[in-house]
Every structure is written in structure tokens, then in C-alpha cells.
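Please read it with the sequence and the coordinates at hand.

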Amino acid sequence: MRLHKGSQAALLLLMHAAGTVVAVVDFSQCLNDIVQNANVTQNLAGLLDGDGDPVSNLSDATSISYSMCTSHCGTGQEPFQWSVFSQEFSAWLLPNLALISQLPFGAQYRLDNLMSAILTVGSPTLAGYSLFITLLNSRWINRQFDQLVDYPNSRFALSILSSLQQSPLRLHPDRVRLPSLVILPKNDSWWKCFAEFVDYTHTWSIASATSIAWVIVAYILTVANSLSNVYANVQSNGEATGSMWLWLIPIVVGWLQLSPKCDFNRLQAAYDRADRHSMHTGTADGRAGMFPASSRRALAITAKEEDVMSPDELLTPPVFNYSRSLRWASTAHTIFMVFKVASEKAHIHLPVCGSDWVESSINMDSDSTKVIETIQDTDDRNRRGSLQDDHMYYTQPYRVQSLSSHWAPGVFTRMVIASCASLALQWGTVGAAFLVGWFTPTTGMGCRTFGYLLYGVISTLVWMMLLMSSILAHSSAADPRRVSLSTRVALAFSHILRWTGKLLAILNFFLAIMACIFQYSSFYDRCYCNSSVFSRRGAAYAVIIETTAQAAQAKAAWIGALVLACTSASVFLGILNLLLDTVPS
């Protein structure tokens, strides 16, 4: 019997605790009770109008002070309404969560694909930066080859370099091998085969087009509905969260247009097929021996973890391009310089071996437009020689050190441009959400507004940390043996920044999801959040009944936020499309 009584007492205590946790507040009824009590006592202290000023007439009381709100109404939230939650969740958040599946992945392991999705949502700034730096890098290398290189296999090399920004491109330490790969005519088939094998597209499909259309249509319809009835569920309205997620559309569309080659298994298979098909690094006439098949690769697209300064370089999802862009630019510039030297010497009819230039079987035309055609079809005998001949052909009269650079030309300019574009997209959409929250009664910074601001700040912080981590890692790569103290310190800071940035991205991912759920579930509809305590502090007050003027102000702010978010996304996507015509096709 004692045990039975003890069980009853424990059950009653649990029920009381649960009732305390889920305690709800009806703010309209609470205001009515306060007004009725004030009518009896004639004490109007704590009753305020819509602007937070004390009232002299009970009929003007539409707000109450924060202290009165907590003392008379309690600290709980308004009742959870499933109909409101389900409608807001399915209209604002669910389409965006579905759209995440249209991002390019392709990592070797599923966990890395999951991390790429978390990084994208956790830091839209980083996602926009990786997208834009990829575009600018492709544009840069395309212009370099178009303006300064004219060589038989240069177009295939350009296509390969532009396509492999999602791979850890590596050159063999033996500098003899790259000139041989470029110059020897027997290697033309390798360039051609590899370019054809990696020429697959990750672009528009019915699923991706449907997902994007779903998000756009849902956004338009829900915005139109919310603007037509500002008074209905003004605090749980999801327009702010819809604006906060609007960055996802240009990111997904941008990657679909760029069509990154990021499938690890497919890239590796293409490389192996091209390597088996035809790969030569010397002549077969005995003047120079062939390298062993396992070590003759002058250009590699994979690496071991100990060969890279940042493990993120090994991950093929394009959001990790931030970690590869510096190394890729350096490698691409070195390859470009070899092609440039070979092209210049071919134009002055300087063969690899010997002193006599062998004319092509194609008849030369006096028209200058035919010269390019002749250079492309130059006789193979002009490009044959031993490995030593190829190396001397490449380095004379220049020096190798002058043809390659650890920091590629213009790399920091491209980083600044990509940073500005991504920051504009991030803060254009988050700023729109912040604007909606700020002008929703009670105006000022409350829980909702602070959540949007925190999401944007952490996103920017993650981008800064990971970008700085990539710069320090690339700087350390100049000393691969890590003999100097400065290299070891820089690499240690790089790892710390990368780990911290990823941890913050994971937290920000869940913050973005929970901010939406709290908004739709009326979790924020409590005295503390509705009173904008963050900005108003001691003068905080909660608006219970929105006036016509407040509704008009909120509607104007919502329209302004809509314009800001849509303009930011449209301008980002518009600039990207303007630059796409200079990307290798």
C-alpha cells in the first residue's frame, strides 16, 4: 500500500511538472482580464498603446509592459496550433528541404555528402563563394588559353582543367614529365580521351526543375496569401523564414548551369580509362626509357591524405572547392605556362629536336586566319624528342621557376569578387528576414530577429574561418616537409580553423531548422520574445492587439523584404549567367 501511495505521489508530481512545461497562454484573454481589473481598480499602470506609451483611456490599451506580461500572463507560450504549423511548415520550409537534394554531391563516402549538405545550409556564404570562385576560375583559365595558347592538344587540356576543379589536381614532382605530357604527339590521344571521358553533365532534369518550380510557386503563393491578410497569425507567419532560405534557389540553379564534374567514382574511372588507353612520357625509339606504368603520371586527380594540407581537398562535392581553389589555380597556371611556351616556339617554327622545321602536309595559306589551323595540325616530327629534349625545350631560354608560381596571378582578385558576391546573396536574404522580424509588432529585436541575425553572422564566420584555413594550408604547401616553425604554426591554425568552422556550420544548420520550427509552432509567442527585450530592454512591451497602423507598417516591411531578397537572388544569378559565356564548353 505504501508503494501504491508513493507511485501516486510520483505520478502527480510528474503531471504537475509536465503541466508547468507545456503551460500555454492566451494573450487576448489575459489582456481582457487586465483591462477588467483596471476598470475596477482604476489603476492603468502597465497598460500601453501600440507605440508603448501609457494610456489614459482603457479603450486605447492594446499593449502591456513586459513586467506586467510576465506577472499576469506568465512566461509560457500561446497554444500550439497544428493547423497553423502544418500549413506554414509545408509552405515555407518543406520545399527548401526537398531542394537540398538537387545540390551536386558525388563524394566517395556518404558521410562526406551529408557534410556537404550541412555546410551548404550552415553557411550559404561559403556555398555562394565556392560556386562563384569555380566560375571565375573557369573564366580565367579559359581566357588565358584563348588569348595566349595555340597548340594541338590545348583545347582538350582546357576542358580537363576547367572540369577538374572538384578534384585535388597534382603535378608529378619530377618537372620533366609535364613537358613530355604536353609536347609529345603520342600523348595527344590521352588528352583527347580523358577530355571525352569526363565530358558528362550534372545539369537540368525533370526532378531538379520540378523541385525549383515547387519552391518558387510555393513562395509566390504563400507571400501573396500572407500579404492579403496581415492580421492572421502575424507572429507565426513564415515570410521571414521564406526569405531566409531564398539563397538556396540561385545556389542550386548555379550549380546546375555550371554542371560540375564531382562524381568521385566516375572521375577515377575516366582517368584510369584514359591512362590505359594511351599514356606515353617518352619516345619508344630507345633514346629515353619509358617510366613504369605505376609512376609515370605527370598529372594526377587523386591524392592521399598525407599529400594534402587540408583533407577537404580530397572531397569532390563542389562546396569544398573553397579548399582547392588556390592549389588548383597554381597547378592550372603551371600547365598553362608549359602550353604557352610550347605554343610560342611552335609559332616561330622551333622544333623539339633538331634545327629544321618540318612543314605540315596541309597547304599553307597566306591568309592569317589559316595560320592557326596550320599550327593545330603541325607535323608530329616537330614535337618528337627524348625526355631531356622536352625538358630543355620547355625551360630554354626561360627558367622553370619563372614559369610556375605558388600563388597564381589574379587569384586574390577572384577571391575578393567571389566573396563580395556571396556576402551580397547571404545578407540580402537574411537581411530581408531580419527586416520582417524587426517591423513585426512589437518592433525591434526579439527572439525571431535575433535568430535570423545569428544565422547570418555564424554563416559569415564559418566562411571566414574556412577561407582563412584554405589560405594557411596553401601557404604551408610551399614547404611540404614542414621544416620551418612558421609552416607548422600556420598548418596548426589551419586545422583549428577548419574544425571550428565545421562545428559552427553544424550548429548553424540546426539553428536554421529550429528557427523555422519555433516560428511555426508559436514557441516564440511568449512575453519575452514578443516584447523585443533584446533592443528595448527596460522599455520592452508586448503588443497584444495590432492596430491598423502597425499592420500597414508590417505589410510595407514585408513588401520591402520581399523585394530585397528577390533582388539579391536575381542579381547573383544574373551575374553568374553573364559570366557563363566565357566558361569552356
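## Disulfide bonds

A search of the whole structure, which is a predicted model, finds three disulfides. With bonded cysteines counted along the chain, these disulfides follow the pattern 1-3, 2-5, 4-6.

Cys 30 is bonded to Cys 73, with 1.9 Å between their sulfur atoms, and this link is left-handed, with -90° about the S-S bond. Because Cys 30 belongs to helix α2 (residues 27-41) and Cys 73 to helix α3 (residues 66-73), the pair ties together parts that are 43 residues apart in sequence. Both cysteines of this pair, Cys 30 and Cys 73, are buried.

Cys 69 forms a disulfide with Cys 527, and their sulfur atoms are 1.9 Å apart. The torsion about the S-S bond of Cys 69 and Cys 527 is about -80°, so this disulfide is left-handed. The pair links distant parts of the chain, since Cys 69 lies in helix α3 and Cys 527 in helix α21 (residues 527-530), 458 residues apart. Cys 69 counts as buried at 0% relative accessibility, and Cys 527 counts as buried at 1%.

Helix α21 also holds Cys 529, which a disulfide joins to Cys 447 with an S to S distance of 2.2 Å. For Cys 447 and Cys 529 the torsion about the S-S bond is about -80°, and the disulfide is therefore left-handed. Cys 447 lies in helix α19 (residues 447-476) and Cys 529 in helix α21, so that the pair ties together parts 82 residues apart in sequence. Cys 447 is buried, with a relative accessible area of 12%, and Cys 529 is buried as well, with a relative accessible area of 5%.

Cys 193 is buried, with a relative accessible area of 9%, while Cys 516 counts as buried at 0% relative accessibility.

## Nonpolar cores

The largest nonpolar core has 124 residues, of which Ile 141, Phe 194, Met 244, Trp 245, Ile 251 and Phe 339 touch the most other members. Helix α14 (residues 321-347) gives the most to this core, contributing 12 residues. When residues up to four places away in sequence are not counted, Ile 251 touches Leu 103, Ala 127, Gly 128, Leu 131, Leu 425 and Phe 572.

A second, separate core consists of 17 residues and includes Phe 27, Leu 31, Leu 47 and Cys 69.

Arg 170 is found in strand β3 (residues 170-171), and at 9% relative accessibility Arg 170 counts as buried, because the cut-off for a buried residue is under 20%. Leaving aside neighbours within four places in sequence, Arg 170 is in contact with Ala 298, Leu 299, Ala 300, Ala 303, Asp 307, Val 308, Glu 313 and Arg 327.

Phe 412 lies in helix α18 (residues 411-439) and is partly exposed, with a relative accessible area of 43%. Phe 412 and Leu 326 are 86 residues apart in sequence, and their C-alpha atoms are 9.2 Å apart in space.

## Backbone features in loops

Most residues other than glycine have a negative phi, and most peptide bonds are trans. The peptide bond from Pro 441 to Thr 442 is cis, with omega near -5°, and Thr 442 lies in the loop between α18 and α19.

Gln 42 is not a glycine, yet has a positive phi of about 60°; Gln 42 is found in the loop between α2 and β1 (47-48) and is exposed, with a relative accessible area of 59%. Ser 522 likewise is a residue other than glycine with a positive phi, near 70°, and Ser 522 is found in the loop between α20 (485-520) and α21. At 5% relative accessibility, Ser 522 counts as buried, whereas Gln 42 is exposed.

How values were computed: Residues numbered from 1 in each chain as written. Predicted model: local features only at pLDDT ≥ 70, side-chain atom pairs only at ≥ 80, totals over all residues. Heavy atoms only, no water. Helix = DSSP H or I, 4+ residues; strand = E, 2+ residues; numbered from the N terminus. Buried < 20%, exposed > 50% of the residue type's maximum accessible area, 1.4 Å probe, protein only. Contact = heavy atoms within 4.5 Å. Disulfide = S-S within 2.5 Å. Core = buried A, V, L, I, M, F, W, Y, C linked by side-chain atoms within 4.5 Å.
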